[in-house]
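Dear colleague,

I am passing this structure on to you, and below it I have set down what was found in it. Please keep it open while you read.

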Number of protein chains: 2
Amino acid sequence: MLSPQYEQMLQGKSVIRMLSEFARDRGRKIGYENVFDFSLGNPSVPVPDSFTESMIRLLQEKQPMELHGYSPSLGIYSVRKAVAASLSKRFAIPYVAEDIFMTSAAAGAIAHALRAVTVPGEEVLTFAPYFPEYGPYVAGTGDVLKVVPADTETFQINFKAFEEMLTHKVAAILINSPNNPTGIVYSEETLQKLAAICREKEETYGHTIFIISDEPYREIVFDGRKAPLIGNYYEHSIMCYSFSKSLSIPGERIGYLAVNPACKDAEKIVNMCGQISRGTGHNCPPSIIQLAMAENLDTTADISVYETNRNLLYDALIDLGFTVVKPGGTFYIFPKALEEDAVAFCQKAKNYDLILVPADSFGCPGYFRMAYCIDTEKVQRAIPVLRRFVETEYPDRNAK
Amino acid sequence: MLSPQYEQMLQGKSVIRMLSEFARDRGRKIGYENVFDFSLGNPSVPVPDSFTESMIRLLQEKQPMELHGYSPSLGIYSVRKAVAASLSKRFAIPYVAEDIFMTSAAAGAIAHALRAVTVPGEEVLTFAPYFPEYGPYVAGTGDVLKVVPADTETFQINFKAFEEMLTHKVAAILINSPNNPTGIVYSEETLQKLAAICREKEETYGHTIFIISDEPYREIVFDGRKAPLIGNYYEHSIMCYSFSKSLSIPGERIGYLAVNPACKDAEKIVNMCGQISRGTGHNCPPSIIQLAMAENLDTTADISVYETNRNLLYDALIDLGFTVVKPGGTFYIFPKALEEDAVAFCQKAKNYDLILVPADSFGCPGYFRMAYCIDTEKVQRAIPVLRRFVETEYPDRNAK
């Protein structure tokens, strides 16, 4: 019979997808340039030329059976070695190839990490607001996702709520910094405190608590800063990385899982991931994409546009009277809506061809997300439209 | 805690992998040209130039954000449409894009098909000898794999045993023709009889029985024939295809799942596959590989070498007194070992640098598999070695 579990999932409609479809339909009518679509987290800058050159050179020069041959189930060894070397150099964590498992981007990495370090029925904690796909990843593993309420002052961690929810049932904690949807980067202080609490609870409960760190935005950090990494503070941590945003290749589905070398089971966990793949039928990202990526580990697309856009939008939102925490990275900003019901707020914005995403599905009602991975010129043209929208619909707001 | 399920899987060693590692180590010592490695099903002919040209043209000419952008979760629509059109034209089954779900090769297709049309705990039947990875696919779904014993006379289906095992608990049947490891192609008569029995049992039990058809060798059929397809005989069928063998690109992980358009739930099953992907974190094969593949649907690598090798090996094996059914396709042949214990037989062969795979892990003890996806020149040189091996070790066999 058809699986009731997956049949039922068909009922759920993604708000982001519906909004993006609305934007597309509207664009057909009034011209795409007139729709201010802040719905989708699709990179807006091209892949670096060096990646394209690597791909073409591999196709032209490498022996085809070797180029297109089966990858070992953990990934091509030379690629894993290159990833480990790049990480070690950049983050002062002594990764070796045996700590690295090649995946279909961060989604694949998280799905494998969860299956490796939890047992169905255990709890996984994450922090609101959170990427809605964490729901299916955790459900697919057979675990229970519990969401720690947001600290809406800072969008760092609400430690009070976290400590209450960190019971003995919790096997893993899923973090995401720089964060989708807030754009917030966890501070060193936040990560240190998180690590200290987890270490203490590991002691108390007598079992390991893994921190699974979803880091696709790690390279997109503003103001000349770097994102602090949990791996520098907590040994039972698993890094889940994707090249989707940093190299602007989301469709090519390439990333990795890196188990902290300080974790005594690091190599075992990586080998277990190879076994997990057998059951999901995933069996490694494509060989050519692995090889081309490995030649471009220390480069990114020209991501400076995201900082320019962040500055423009943040200043405009503050100027218009929004409550908003300044993003430290990513290409998202997360203001408080001008009425309690963010869904109604975003619905009204549609009348101005402003496509904003209400944050209910991110576990943080009353807020909305703007993805500013679009041309700066369009951000600039959107600002007067945003002004017209809020001045017309919310004349009594507390404008500066 | 670490998942005991996947930790335990680490204990199992793949016989094929161990043999292939032995072959590699031996090659380092005595030269690769002197090791007759029949262990691995890796294509031995290069990808067609047209595929390489498609890849390079896409990289050079397509707008990079479009080329490398997110694929919809079911696959790029134009690609699904092209796959459906090619299938319709070639096999007279009226597929449309909505019947097609793009996957990471056949492994991904089978894993999705099983999750879509079974409920954990139900039984899945397959036929010995079978591809050992069916075990993890079915276990990963939460189903129970039952193996119908082989008809060793023909390696078509043992219908007597099948009918006994086709109880009301069976939700799906996993078939593989042309077959790995036997090289046998199911006849029209076999498929018609299989369809008739399943249809009758669907009636009796009052529930659907899906036939999931693993078809990576569909294009590799000899003697100018074509492989009959279950889709032409049975409406509740799901085709799982891979381009690994036909285009010689196993490392690029590209294939599709095609639900028979005669199945009333075809489109729903495809949409459910999109939901299944969310839980496994798979989310579609890479965009560029999808697009390049879609331009090369009706071509194959130069697979004629496999037929040449089949002829050479079959004649030699018969000449040496082996019992063997002549393969109709693939690049495998499946003779009966010259002693009851095929493991012992293959162990002795290693002393002659002949790497043969005992069929115990395929569910058919007493037989062995030879993968002849190697250069014809090497097959020719292997024959006198094979002769020396059997004449020395089995002088009393019934040689012609």
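In which loop of chain A is D223(A) found? The residue sits in the loop between β6 (210-214) and β7 (237-242) of chain A. Please bear in mind throughout that this is a predicted model.

D223(A) has a phi near 60°, which is a positive value in a residue other than glycine, and with a relative accessible area of 45% the residue is partly exposed. D353(A) also has a phi near 60°, again a positive value in a residue other than glycine. D353(A) lies in the loop between α13 (342-350) and β10 (354-355) of chain A, and because its relative accessibility is 10%, it counts as buried.

The loop between β5 (170-175) and α9 (188-205) of chain A, where P178(A) lies, deserves a look as well. A cis peptide bond joins S177(A) to P178(A), with omega at about -10°. P181(A) is found in the loop between β5 and α9 too, and the bond that joins N180(A) and P181(A) is a cis peptide bond with an omega of about 20°.

For a residue within a helix, you might turn to S20(A), which lies in helix α2 (residues 15-30) of chain A. Its relative accessible area is 16%, and so S20(A) is buried, the limit being under 20%. Leaving aside residues up to four places away in sequence, S20(A) touches S39(A) and L40(A).

Turning to the chain as a whole, the secondary structure of chain A comes to 14 helices and 12 strands. A compact globule of 400 residues would have a radius of gyration near 21 Å, and the 21 Å of chain A therefore agrees with that expectation. Along the principal axes, the C-alpha atoms of chain A fill a box of roughly 60 × 60 × 55 Å. Of the 400 residues in chain A, 62% are buried, while the accessible surface comes to about 14,900 Å², with 49% of it belonging to carbon and sulfur atoms. Among the contacts in chain A with a separation of 6 or more, 74% are between residues 24 or more positions apart.

Finally, chain A is superposed on chain B by a rotation of 180° with 0.0 Å of shift along its axis, at an RMSD of 0.0 Å, which means that the two are related as by a two-fold axis. The same surface serves both copies, since 100% of the contact residues of chain A recur in chain B.

Note on methods:
Residues numbered from 1 in each chain as written. Chains lettered and ligands numbered in written order. Predicted model: local features only at pLDDT ≥ 70, side-chain atom pairs only at ≥ 80, totals over all residues. Heavy atoms only, no water. Helix = DSSP H or I, 4+ residues; strand = E, 2+ residues; numbered from the N terminus. Rg over C-alpha atoms; globule rule 2.2 N^0.38 Å. Buried < 20%, exposed > 50% of the residue type's maximum accessible area, 1.4 Å probe, protein only. Contact = heavy atoms within 4.5 Å. Areas by Shrake-Rupley, 256 points an atom, 1.4 Å probe, with all protein chains shown as cover. Least-squares fit on C-alpha atoms with pLDDT ≥ 70 in both.
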